[in-house]
Amino acid sequence: MKQEILDIVNRYNSNKTRLMDILWDVHNIYGYIPDEALTILSKGLNMSKIDISETASFYHFFHNKPSGKYRIYIADTVIAKMKGFYEVVKALEQETGCPFGGTDATGTFGLYETSCIGLSDQEPAMLIDKVVFNNLTPKKVKSIISQIKSGKTPLEVANPDKIDSKDVSYIDNLAQTTIHKSGPVFFQPNTNYKDLLIKCLDYHPLQIIANVSTSNIRGRGGAGFPTGLKWQLCREADGEEKYVICNADEGEPGTFKDRVLLTRSPKDVLVGMIIGGYTIGSENGIIYLRSEYWYIKEYIENIIQELKTENLLGENILGSSFSFNIRIQMGAGSYVCGDETALLESCEGKRGTPRVKPPYPIQNGYLGKPTIINNVETFAAITRILEEGGEWYQEMGTENSTGTRLLSVSGDCEKPGIYEIEWGITLGEVLEMVGAKATKAVQVSGPSGECVSAKLAKNRIICYSDLSCNGSLMIFDETRDILDVVENFMHFFVEESCGICIPCRVGNVDLHNMMKRIRTGKATQKDLDDMVSWGKIIKSTSRCGLGTTSPKPILTTLDQFPELYKNKIVVQKGPLLPSFDMDNALLDHDKAHKELLNKKCNQ
């Protein structure tokens, strides 16, 4: 083992900031990260064993003990639970002989639940290590597990035709998403990237910033910060070494647009990064790719190599003095790494703990250097803006929400998938477009967004000044239990909290417990009042966006569907709370009483 581990360390020149890659290489060899490996890494990287373990233990997909030759992760999203999740779970347990959270007797399978894996339009879905399986049924599960037991690898099961993993058809074979509506910005087939880069390299960087600023594009990751201003501030920041990072940690349940962009328009994204590098004076770019998307990694790497072959990427691009390189940094399963500062920490080989701001990444980002971090969709849009002009882009959408954006649509509708819409469209128009009928509620922007009544909000406008949207729409019809949806979302936030600040780490557990009491009819009016007041405290005092948005599933549904909560609360009778379970409270007493009696009888 020692030499294998040292070879990995040497591969990264003993660079401790590449710890994530090193841990993945170890994990890929052994199926987990042995304690002995941590000891060897400690000496090779000149780091304490505790510091390495701190990083390794933070991420969901890193295991510290044998976790099965084949590790199965089923997405436990609310959409999956609407589409046969529980039947699939039962089939997985039966076919593998494996309990959730553990391995089977032979060590062949490990079975785990995980958060959204970016396939909400084709749930239930699961990963077997780096291979994805979708639209699962008990019958399909039986076939998959049976083939693996017979000696096939998960990849051979999913890809019987042996399609090259560097080809887009490989990804389509595993997880094809329908693009129902494309518009003027995304998925355009005839972009001449060479001519575009020639034009951009002839511009002064300030001209590019002016063009981007004229377009008035705002970041598509959710925060909506003006992209032109971000690039300008980073260009003006002190320091010769600067970085460009593409945030492809698409962890928000219900969102999958970035995966489709990286699959269908990867050069738009990569060229947008190159333009960003030229503009701010950077020579290095990083794509932070969530580990759930490992199956598209080789395809993106192949596209990067194509751009290098065409001299559109790498040293002295198109004969100019500008050089720019891009590498992929794999995550390891952490929703909070979607926060830009947590992402920076992860890129540097640490726990994905959000930083305190200021300073901001444009001042003190990757390795302490000025850094722009933009979403996949933002970089893809930038390519089109520079191709057609900022004024062209500004003419679409609304005054403060220009251009178009992509929607990932899932749930109760006839046509789940990807839609490009102009800002300014109403929610009702979108629901009609996607074939949603008898809709009760729409979760806009995932759990961290806003849950609205389809009836009350049908005329609301999708734009930054009204119904802001990060690209996710989950649709629930009249048959769905909205309180069940809320409880699922609160469980998600409890699981995904980084744990660094008390309001988020503790407060969300309490909110989740209150939701359980609401659903089981054991809550009082005080519970409702506490949920509102505690939710406001968590929103205003948490360290990052996860905590500040985590109470929103409760607060927004209380606003839109107050009757659902009021119909569940009960009036306290007597001194005991309705949630107090006398039988459960006496269990330990009864157990102790029996043990004492048995002990006395045996004396």
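Which residues does Met 126 touch, not counting residues up to four places away in sequence? In this predicted model, the partners of Met 126 are Ile 72, Tyr 73, Ile 74, Leu 92, Ile 117, Val 131, Val 132, Phe 133, Leu 136 and Ile 144. Contact here means heavy atoms within 4.5 Å. Met 126 lies in strand E4 (residues 126-128). Strands (E, at least two residues) and helices (H or I, at least four) are DSSP runs, numbered from the N terminus. Met 126 is buried, with a relative accessible area of 0%. Buried means under 20% relative accessible area, exposed over 50%, and partly exposed in between (1.4 Å probe, protein chains only). Cys 234 stands 108 residues from Met 126 in sequence and 40 Å from it in space, C-alpha to C-alpha.

Residues are numbered from 1 along each chain as its sequence is written. Local features need pLDDT of at least 70, side-chain atom pairs count only at pLDDT 80 or more, totals for chains, interfaces and linings use all residues, and side-chain values use heavy atoms, with hydrogens and water left out.

Helix H1 (residues 2-11) packs against helix H2 (residues 19-30) at an angle of about 150°, with the axes 10 Å apart. Axes are lines fitted to C-alpha atoms, for helices over the stretch in contact, and angles run from 0 to 180 degrees between N-to-C directions. H1 and H2 are therefore roughly antiparallel to each other. Angles over 145 degrees count as roughly antiparallel, under 35 as roughly parallel, 65 to 115 as roughly perpendicular and the rest as oblique. The crossing of the two helices, H1 and H2, is right-handed. In a right-handed crossing the near helix is turned clockwise from the far one by less than a right angle; anticlockwise is left-handed. From H1, Glu 4, Ile 5, Ile 8 and Arg 11 take part; they meet Ile 22, Asp 25, Val 26, Ile 29 and Tyr 30 of H2. The residues of this contact between H1 and H2 comprise 6 nonpolar, no polar and 3 charged. Ala, Val, Leu, Ile, Met, Phe, Trp, Tyr, Cys and Pro count as nonpolar, Asp, Glu, Lys and Arg as charged, and the others, Gly among them, as polar.

Leu 45 belongs to helix H3 (residues 35-45). Its relative accessibility is 2%, so Leu 45 counts as buried. Leu 45 touches Val 9, Ser 14, Asn 15, Lys 16, Leu 19 and Ile 22, leaving aside residues up to four places away in sequence. Tyr 70 is 25 residues from Leu 45 along the chain, and their C-alpha atoms are separated by 29 Å.

The crossing of H10 and H14 is right-handed. H10 contributes Tyr 193, Leu 196, Leu 197, Cys 200 and Leu 201, and H14 contributes Lys 267, Asp 268, Val 271, Ile 274, Ile 275 and Tyr 278. By class, 9 residues of the contact of H10 with H14 are nonpolar, none is polar and 2 are charged. Ser 265 is found in the loop between helix H13 (257-264) and helix H14 (266-280). At 6% relative accessibility, Ser 265 is buried. Its contacts include Phe 187 and Val 260.

Parallel pairing links several strands. Strand E7 (residues 243-248) pairs with E10 in the parallel sense over 5 bridges. Two strands pair if DSSP finds at least two bridges between them. Asn 247 has Asn 375 in E10 as its bridge partner. E7 also runs parallel to E8, joined by 6 bridges. Here Ala 248 is partnered by Leu 289 in E8. Another 6 bridges join E8 to strand E9 (residues 325-330), again in parallel. Ile 287 stands opposite Ile 328 in E9. In strand E8 (residues 284-289), 5 of the 6 residues are buried, so E8 is largely enclosed by the rest of the structure. In strand E10 (residues 371-375), 5 of 5 residues are buried. Thr 371, Ile 373 and Asn 375 cover one side of E10, and Ile 372 and Asn 374 lie on the other. Both faces of E10 are covered, and these residues are all buried.

A separate open sheet has 6 strands in the order E6-E12-E11-E15-E13-E14, with mixed pairing. Strand E6 (179-181) and strand E14 (450-453) stand at the edges with a single partner strand each, so one side of each has no neighbour in the sheet. Neighbouring strands of this sheet are turned by 30° against each other on average, direction ignored. Within it, strand E11 (residues 404-411) and strand E12 (residues 417-422) pair in the antiparallel sense over 6 bridges. Thr 404 has Glu 422 in E12 as its bridge partner.
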